[in-house]
Amino acid sequence: ASILGDICKKYGMVYATLIPRISRTLLKTLLDGEKPLSSHYGAIVGIAALGPQAIDSLLLPNLESYMKALTPSNSEQM
């Protein structure tokens with residue numbers, strides 16, 4: 001994740017679509033319920049490596065739906 005953040009900092013201004021593509025990929029991985037939790041963790045750390053603006057715009061708006069997807073419903077517990 002730190003290498004990913006460094007690449008975005010170094011080349012993000014040169015390649016205008018680099019940061020949006022990486023952000024989209026990380027968010028897609030995070031919101032994919034079929035991916036293992038280790039992939040979700042990597043996506044969260046990757047988003048954090050992109051900086052506070054990425055956390056504010058990508059992670060925080062999707063946090064509630066992500067937590068609901070992780071928490072089993074009452075009908076599944078029975």
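Q: Buried means under 20% relative accessible area, exposed over 50%, and partly exposed sits in between (1.4 Å probe, protein chains only). Which of those is I44?
A: I44 counts as partly exposed, because its relative accessibility is 28%. Before we go on, this is a predicted model, numbered from 1 along each chain as its sequence is written, and side-chain values use heavy atoms, without hydrogens or water. Local features need pLDDT of at least 70 and side-chain atom pairs 80 or more, while totals for chains, interfaces and linings use all residues.

Q: Fine. Where is I44 placed?
A: I44 belongs to helix 3. A helix here is a DSSP run of H or I with at least four residues, a strand is a run of E with at least two, and both are numbered from the N terminus.

Q: What is I44 in contact with, leaving aside neighbours within four places in sequence?
A: L30, L59 and Y66 are in contact with I44, where contact means heavy atoms within 4.5 Å.

Q: Let's do H40. Buried or exposed?
A: H40 is buried, because its relative accessible area is 4%. Its place is in helix 3, which covers residues 37–49.

Q: Which residues is H40 in contact with?
A: Once you set aside its neighbours within four places in sequence, H40 is in contact with T29, L30, D32, K35 and Y66. L30 is 10 residues from H40 along the chain, and their C-alpha atoms are separated by 4.8 Å.

Q: What joins the side chains of H40 and Y66?
A: A polar contact of 2.9 Å joins those two side chains. That term means a pair of N or O atoms within 3.5 Å; within protein, one must be able to donate a hydrogen and the other to accept it, and residues adjacent in sequence count only if both atoms are side-chain atoms.

Q: Zooming out, how many helices and strands are there in the protein chain?
A: The protein chain has 5 helices and 0 strands. Along the sequence the pattern reads α-α-α-α-α.

Q: What box do the C-alpha atoms fill?
A: Roughly 55 × 20 × 15 Å, taken along the principal axes. Of the 78 residues in the chain, 26% count as buried.

Q: What about contacts between residues 24 or more positions apart?
A: They make up 38% of the protein chain's contacts with a separation of 6 or more.

Q: OK, the core. Which residues in the largest nonpolar core touch the most other members?
A: I22, L26, L30, I47, L50, A54 and L58 do, out of 13 residues in that core. Helix 2 (18–31), helix 3 and helix 4 (52–70) each supply at least two residues of this core. Helix 2 gives the most, with 5 residues. By nonpolar core I mean a set of buried Ala, Val, Leu, Ile, Met, Phe, Trp, Tyr and Cys residues joined through side-chain atoms within 4.5 Å.

Q: What does L26 touch?
A: Not counting residues up to four places away in sequence, L26 touches L4, A43, G46, I47 and L50.

Q: Which residues of helix 2 and helix 3 meet?
A: On the helix 2 side, L26, L27, T29 and L30. Their partners in helix 3 are S39, H40, A43, I44, G46 and I47.

Q: Switching to I19: where does it lie?
A: I19 lies in helix 2. I19 counts as partly exposed, because its relative accessibility is 34%.

Q: Last one: where is A49 found, and what does A49 touch?
A: A49 is found in helix 3. A49 touches A1, G5 and K9, again not counting residues up to four places away in sequence. The C-alpha atoms of A49 and S39 are separated by 15 Å, at 10 residues apart along the chain.
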